[in-house]
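Keep the structure open beside them and look for each residue as you read.

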Amino acid sequence: MSGLKRKLKNKKAPEGWDMIEEVIEDFEQQMKDAVNDEHEGKRKAEGNWKIHRIHWEKNRFIYDLMYVRKVMSRELFDWLCREKIADGPLIAKWRKPGYEILCSMLAIQKGNHNFGTTSHCRVPLRVRSAQQRVTPDVQSGCISCASGDGKFGGPIWWNTPLDDSEAAAEGEEANRSTWAPAGGGGSSGAAAAAGGPAAAGGGGGRKRPAG
């Protein structure tokens with residue numbers, strides 16, 4: 001039994017949970033794998049970058065079903081937030097102008113950054129110094145989540161292709177997706193039931209993020 005199933009074992013889920021449960025479990029497994037991933041050769045903070053990206057993608061999947069495709073009930077959404085399956089504060093921020101692709105709540109918590117400012121990933125690329133232009137945030141691995149800077153419908157992460165030819169070769173589906181577990185399977189059935197692979201945020205590919 002997965003950790004998520006154990007957590008929800010004696011709780012009655014609202015209607016519609018069964019349509020997305022497999023996709024959410026995939027995300028949770030990816031998070032677990034990322035936590036247990038080898039960090040040899042990486043700075044300590046880099047081990048968390050993949051976790052932040054998977055967390056973003058999981059919540060974007062929920063956000064898109066609720067507010068873009070409008071196929072999720074308020075009851076189910078509120079339940080997901082109460083059970084800490086969805087990140088309510090992050091999703092709420094995405095609905096505010098200027099925060100549409102915010103990478104993480106950590107990026108705007110001024111106490112976490114020098115001089116009481118937000119993360120540099122909130123600064124548009126066009127106004128950054130050359131030194132900061134493509135430097136990932138040390139906590140989240142986000143290069144830019146400023147409005148207008150995103151790629152593939154999300155932030156520019158440390159592993160997002162920045163070269164147009166490289167991005168075209170990999171394709172949008174390889175960069176915005178519900179990533180499948182290692183070994184192939186994936187959750188195409190659940191994704192289709194929830195509105196198709198595109199419901200995960202615009203992509204539909206089944207690929208894990210680069211390490």
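1. Let's begin with L80, which touches W17, I20, I62, M72, I85 and A86, leaving out residues up to four places away in sequence. Contact here means heavy atoms within 4.5 Å.

2. A word on the ground rules. This is a predicted model, in which local features need pLDDT of at least 70 and side-chain atom pairs count only at pLDDT 80 or more, while totals for chains, interfaces and linings use all residues. Residues are numbered from 1 along each chain as its sequence is written, and side-chain values use heavy atoms, with hydrogens and water left out.

3. Which residues touch the most other members of the largest nonpolar core? They are W17, I20, I62, M72 and L80, in a core of 40 residues. A nonpolar core is a set of buried Ala, Val, Leu, Ile, Met, Phe, Trp, Tyr and Cys residues joined through side-chain atoms within 4.5 Å. Buried means under 20% relative accessible area, exposed over 50%, and partly exposed in between (1.4 Å probe, protein chains only).

4. The elements giving two or more residues to this core are α2 (17–36), α3 (49–68), α4 (74–82) and α5 (88–94). Among the contributors, α3 gives the most, with ten residues. Helices (H or I, at least four residues) and strands (E, at least two) are DSSP runs, numbered from the N terminus.

5. Now look along α3. At 1.5 Å a residue, its 20 residues should span 28 Å, and its end C-alpha atoms are 26 Å apart, which agrees. The expected span is 1.5 Å times one less than the number of residues in the helix. Since 18 of the 20 residues of α3 are buried, this helix is largely enclosed by the rest of the structure. Just after α3, K70 takes a positive phi of about 55°.

6. How many aromatic pairs does the structure hold? There are nine. Rings of Phe, Tyr and Trp (its six-membered ring) pair if their centres lie within 6.5 Å; planes under 30 degrees apart count as stacked, over 60 as edge-to-face and the rest as tilted. The rings of W17 and W79 have centres 5.4 Å apart and planes at 65°, so this pair is edge-to-face. Because W17 lies in helix α2 and W79 in helix α4, the pair ties together parts that are 62 residues apart in sequence. W17 is buried at a relative accessible area of 7%, and W79 is buried at 4%.

7. For F27 and F61, the ring centres are 6.3 Å apart and the planes are at 50°, so the pair is tilted. This pair also links distant parts of the chain, with F27 in helix α2 and F61 in helix α3, 34 residues apart. Both F27 and F61 are buried.

8. Ring pairs also link W49, W56, Y63, Y67, F77, W94, W157 and W158 into a cluster. R60 lies over the face of W94, at 4.6 Å from the ring centre, and K93 lies over the face of Y99, at 4.5 Å from the ring centre. A charge sits over a ring if NZ of Lys or CZ of Arg is within 6 Å of the ring centre and within 35 degrees of the ring normal.
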